[in-house]
Amino acid sequence: MQKIQLMRRPGNFSKTSSFQLYAVFTLDRERISIRTGIEVTHEEWDKEKQIIKGRSQSAKDRNLILSNVRARITDVFVRARLSGTTLTKARFLEEYQLPGACTRFVDFARHHLKELSRAQRPETIRHHETIIAKVEAYAPGLELRQITPEWIQGFMTYMRDKLYNAPGTIRKCIGIMRAHYYAAIRAGKVTENPFESVKMPKDAPAIVFLTEDELNTLIRLYKDGTLPDNEQVALRFFLFMTFTGMHISDARSLQIEQIFGGEIHYQRLKTGTKVSVPLSKPAALLVQIYMGGRHRGKLIRDLPSDQGYNRLIKKVATKAGICKAVSAKAARHTFATLYYKKNSGDLGTLSKLLGHVSVSTTMVYAHITKDMRQEGISAFDGLM
């Protein structure tokens with residue numbers, strides 16, 4: 001077991017002055033000092049017994065804190081041995097500084113996310129942060145050991161019934177939780193895997209898109225200019241995504257310098273695919289409004305979070321009499337369905353405009369527009 005000494009740092013102290021206690025030990029021949037937050041005088045401190053003298057409540061409380069510091073240090077070493085982790089000074093300090101010795105799910109997940117941030121895109125990190133906050137709101141202080149199959153099922157029910165999350169959203173949320181929990185298993189924080197026996201919702205997420213008439217209704221509402229400023233901004237952004245087919249994260253990141261030669265040129269954040277989208281007349285008009293005479297920098301600024309934006313655009317759609325679960329994704333789906341309908345089912349070009357890695361991903365729009373194609377063919381009915 002690691003030998004831990006409680007002592008003051010070297011220096012000149014008078015017998016009447018107080019000094020800060022440090023927990024001191026050696027790791028890989030390197031001396032490490034952990035500040036305990038406890039100050040004592042020479043008269044109070046029993047150097048041999050490593051305790052504060054006396055039976056007062058103050059002495060008892062401070063000795064308890066010192067005992068807890070020792071226990072936290074020991075806990076880091078024990079967990080490292082159980083998980084086969086090689087401790088360095090930097091790794092020890094990182095583990096030690098985690099609140100609650102890293103037993104709360106939220107604390108561990110945020111620590112793990114910090115490690116992932118070096119290799120993940122900012123929007124991915126933001127998505128993880130949103131999920132972690134959702135867990136924290138549902139179960140403040142949730143311990144890793146409290147995550148059981150029953151708890152997971154209860155959380156999924158909460159997301160479905162209270163947050164009205166779609167099956168796809170629930171699956172993503174649990175998937176992100178599982179990734180952080182598996183990291184906790186690898187770190188030796190827990191041993192059981194409660195996610196193995198959990199059945200995920202299987203329903204395919206509904207693809208929401210607007211018909212041409214519904215889109216025209218929103219365009220008229222935008223031109224009227226009768227909406228509050230924040231809703232007008234949300235609607236303008238929705239129309240921009242509809243006319244360009246861009247995903248919300250790509251549209252948020254778009255720079256003015258990426259618009260030239262009558263096209264938008266960008267690289268999809270999700271897949272890394274390079275995309276070039278010709279500017280239609282309405283898209284070009286919105287670009288000019290967004291630029292406002294600027295020639296560089298981010299094209300679209302001052303937008304709310306994705307969640308806040310989706311709430312706003314749904315409110316706008318309701319005002320327009322559109323009874324659909326409209327969100328930012330609906331804009332991209334609307335672009336795809338209208339393009340497919342008006343361009344005789346040109347999936348190849350549509351796939352490139354959307355930045356899909358494979359045409360098979362774009363095939364979903366062929367199924368969406370099945371009814372539209374049937375309506376077109378019905379024009380021949382009654383000719384013979």
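Where in the chain is the place of Asn165?

1. Asn165 lies in the loop between α5 (149-161) and α6. Helices here are DSSP runs of H or I with at least four residues, strands are E runs of at least two, and both are numbered from the N terminus.

2. A word on what you're looking at: this is a predicted model, where local features need pLDDT of at least 70 and side-chain atom pairs count only at pLDDT 80 or more, while totals for chains, interfaces and linings use all residues. Residues are numbered from 1 along each chain as its sequence is written, and side-chain values use heavy atoms, with hydrogens and water left out.

3. Asn165 has a relative accessible area of 16%, so it is buried (under 20%; exposed is over 50%, partly exposed is in between, with a 1.4 Å probe and protein chains only). Leaving aside residues up to four places away in sequence, Asn165 touches Lys134, Met159, Arg160 and Ile170; a contact means heavy atoms within 4.5 Å.

4. Now have a look at α4 (residues 122-138) and α6 (residues 167-186): their axes come within 10 Å and cross at roughly 90°. That makes α4 roughly perpendicular to α6, a label for angles of 65 to 115 degrees. The axes are lines fitted to C-alpha atoms, for helices over the stretch in contact, and angles run from 0 to 180 degrees between N-to-C directions.

5. Who meets whom there? On the α4 side you'll find His127, His128, Ile131, Ile132, Lys134 and Val135, and they meet Thr169, Cys173, Ile176, Met177 and His180 in α6. By class, this contact has six nonpolar, four polar and one charged residues.

6. Next, the sheet. β6, β7 and β8 form an open, antiparallel sheet of three strands, in the order β6-β7-β8; strands pair if DSSP finds at least two bridges between them. β6 (259-260) and β8 (274-278) each have a single partner strand and stand at the edges, so one side of each has no neighbour in the sheet.

7. Two bridges join β6 to β7 (residues 263-267), and Ile259 has Ile264 as its bridge partner in β7. Helix α13 (residues 347-354) packs on this sheet, touching β7 and β8, and its direction makes about 110° with that of β8.

8. Finally, the whole protein: there are 16 helices and eight strands, and 42% of the 384 residues count as buried. Among contacts with a separation of 6 or more, 55% come from residues 24 or more positions apart.

Methods. Angles under 35 degrees count as roughly parallel, over 145 as roughly antiparallel, 65 to 115 as roughly perpendicular and the rest as oblique. Ala, Val, Leu, Ile, Met, Phe, Trp, Tyr, Cys and Pro count as nonpolar, Asp, Glu, Lys and Arg as charged, and the others, Gly among them, as polar.
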